[in-house]
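Hi everyone, thanks for making time for this one.

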Amino acid sequence: MSDAIQKVRRTLTGRVVSDKMQKPVTVLVERRVKHPIGKIVTRSRKYAAHVEGLETSAGDVVQIEECAPVSKTKAWRVMRVVEKARAI
């Protein structure tokens, strides 16, 4: 077993809802789940993600990846910006 075993990290895609802090951004990840009654329900959760060397702003769609904890609340990092927010 000389090959190094690489752990597969979870990735999620979500929208940046807050970029008021220096390094972290808050990313809202929404997923659609089927309710036992039969309805489709939207579940959402916010993640604090570490940003290093990328330009992100509120409204951007980003891909985040699980990583070792950076701080008390940050255990995700922004990998790439999928779509920039449209200016109004």
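In which sense do strand β2 and β3 pair, and over how many bridges? Strand β2, residues 24-34, pairs with β3 in the antiparallel sense, over 11 bridges. Two strands count as paired if DSSP finds at least two bridges between them. Strands here are DSSP runs of E with at least two residues, numbered from the N terminus. Within this pair, Val 33 stands opposite Val 41 in β3.

A quick word on the source: this is a predicted model, where local features need pLDDT of at least 70, side-chain atom pairs count only at pLDDT 80 or more, and totals for chains, interfaces and linings use all residues. Residues are numbered from 1 along each chain as its sequence is written, and side-chain values use heavy atoms, with hydrogens and water left out.

Is His 50 buried or exposed? His 50 is buried, with a relative accessible area of 17%; buried means under 20%, exposed over 50%, and partly exposed in between, using a 1.4 Å probe and protein chains only. Leaving aside neighbours within four places in sequence, His 50 is in contact (heavy atoms within 4.5 Å) with residues including Lys 23, Val 70 and Trp 76.

Over on strand β2 we find Thr 26. Thr 26 is buried too, with a relative accessible area of 16%. Beyond its neighbours within four places in sequence, Thr 26 is in contact with several residues, among them Arg 15, Met 21 and Tyr 47.

Definitions and conventions: Helices (H or I, at least four residues) and strands (E, at least two) are DSSP runs, numbered from the N terminus.
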